Structures are given as structure tokens and as C-alpha cells.
Amino acid sequence: MFKGFYDLTSGMLSQTRNLDVISNNMGNISTPGYKADTYVDTTFREMMFSRVGNRDKTQTEEIGRQTMAIAPSTVYTDYAHASPEETGQPLDFAINGQGFFQVQNGEQNYFTRNGSFIVDNEGFLTLPSHGHVLDRNGQPIYLGTDDIQVDGEGNIFRGDGTLAGRLGVFDFTEDYQDTLLHAGEGVYASEAQAQPVDSPVQWKLLENSNVDMVREMTRMMSSQRALQSAAQVLKIYDQLMTKATTDIGRV
């Protein structure tokens, strides 16, 4: 009976973590380039149960395995591309294909599909709160103005026709799940070396989030019901144990 406390408590903790992931997805449904996460759990331990005798316990008989508790395994990110949406803003960009924009903050580089940029006070093309956007050669792009023109290869021209730089698109040869680490809403860090790629850049468009609101709502209701059910059964366990110690224990 006591094992049920571990099963139910671990189940409640697992569903709470799942709800946190779902809430984060729903909160970022309007974040350009955001990729949906899925929480995955696993069994903490499997134990072989055997039938034994009352006195002679040498002749055991295996009757099956049983899991002891649920433990978190990983958070899987769906890097599938979402459709772009036209914004008409001169500092909005979307990648048509594989790859990420690279952003530099000090010595740290970040990668993102979010192309909603601004020009900071120093005149550099910037992803707010994360750093300067890099060109194909890994250098910050200085604009000094938002009066720009951009071609399909990501070359950015100022209003006077001078080339400010080519917007860099970078990709990894390794699997994204093993390469990218979450560093914010739709922003990732990586220790792997990214290489420039020739994916086209679409100007005045932003890639939508790939979060499916209907799917997330369904997952949220299912997780909430599982959490409530575990809490109710845990309460019954507590009542049974109280009765066992106060009533049966007196006999």
C-alpha cells in the first residue's frame, strides 16, 4: 500500500511539469519562430516481483515486473517550420528553409528563427534582449537606419544604396535535439559549430509559431484530469492509512 504513495506523488509531479511545458507553449503562440515543446517522462525503476512461500522461500516464482515511480526523461522540441506571415515591417525577416539567425551577446552566440529585429541605439541590427544579429561572416550588422532594401539572398542595402551586409543563416550538421539548448522563448544556445547556408531570406515577413492551440488545449485538459485523479486517490490512500493506524492498529 505504501508504494502507492510513490506512484501517485511521482505522477502528480510529472503532470505538473507537463502542465508547465504546455503553459509555456501556449504563452508563446504569438512568438515568431517559436518551436513547441513536448514533455516526455519515463519509469524511475522496474522491479521483478516473485511469489515465495510462507516458510520455505527457496522455490520462488517470477510473476512479472512493476514500475516503482515516474521520472522526467526529456523535453522534446518540434523544430518543424511554420508558415510565414506578412507584416510589412522593414526589420522583419523569415527564413525560407533550414537554418537559424545567429545573434551575439558578448562572447555568447544564440540561434533563433525569430526575425523580429530592431535597430538599437548604436545602429546595429538587434534581436531585443538577446544581442546583435550577425552577417554571413559572423560579424554584427551595422545599419544606422531602418530605411533599407533587402533582396532574396538576405543582402541589406541602406537607403543610399550602400551594402550594410548579408544577413547570415546558419545550420548544424548534428541533430537539433542533441545540439541546441533552450535559452529563452524561441532562442537557443549551442556548443556545436554552425555553418552558413544558402537558405533564402524573406523580407517583411515573420515565421509563425508552430504551436497548435487545439492540440495544446487537449493535452492540458488531459493532464489536468490525470493530476486531479492522482490527487483524489492519494487522499483515499491517506484516509486508509489513517484508519489502519487508528482502528486496526488497536486490535
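Q: What should I keep in mind about the model and its numbering?
A: The model is predicted, so local features need pLDDT of at least 70 and side-chain atom pairs count only at pLDDT 80 or more, while totals for chains, interfaces and linings use all residues. Residues are numbered from 1 along each chain as its sequence is written, and side-chain values use heavy atoms, with hydrogens and water left out.

Q: Which residues have the most contacts inside the largest nonpolar core?
A: They are Phe93, Phe117, Leu125, Leu143, Ile148, Ile156 and Leu167, in a core of 22 residues; a nonpolar core is a set of buried Ala, Val, Leu, Ile, Met, Phe, Trp, Tyr and Cys residues joined through side-chain atoms within 4.5 Å, and buried means under 20% relative accessible area, exposed over 50% and partly exposed in between, with a 1.4 Å probe and protein chains only.

Q: And which elements give two or more residues to this core?
A: Strands S6 (93-95), S7 (101-105), S10 (125-127), S12 (148-150), S17 (187-189) and S19 (201-203) do, where strands (E, at least two residues) and helices (H or I, at least four) are DSSP runs numbered from the N terminus.

Q: How many aromatic pairs are there?
A: The count comes to nine, with rings of Phe, Tyr and Trp (its six-membered ring) pairing if their centres lie within 6.5 Å, and planes under 30 degrees apart counting as stacked, over 60 as edge-to-face and the rest as tilted. In one of these, Phe101 and Phe117 have ring centres 5.3 Å apart and planes at 80 degrees, so the pair is edge-to-face.

Q: Where do Phe101 and Phe117 lie?
A: Phe101 is in strand S7 and Phe117 in the loop between strand S8 (108-112) and strand S9 (118-119), so the pair ties together parts that are 16 residues apart in sequence.

Q: Are those two buried or exposed?
A: Phe101 is buried, with a relative accessible area of 0%, and Phe117 is buried as well, at 3%.

Q: Switching to helix H3, how many residues does it have?
A: H3 (residues 213-246) has 34 residues and reaches 49 Å from its first C-alpha to its last, close to the 50 Å expected at 1.5 Å a residue, the expected span being 1.5 Å times one less than the number of residues.

Q: Which of its residues are buried?
A: Glu216, Arg219, Met220, Ser223, Ala230, Leu234 and Met241 are buried in H3.
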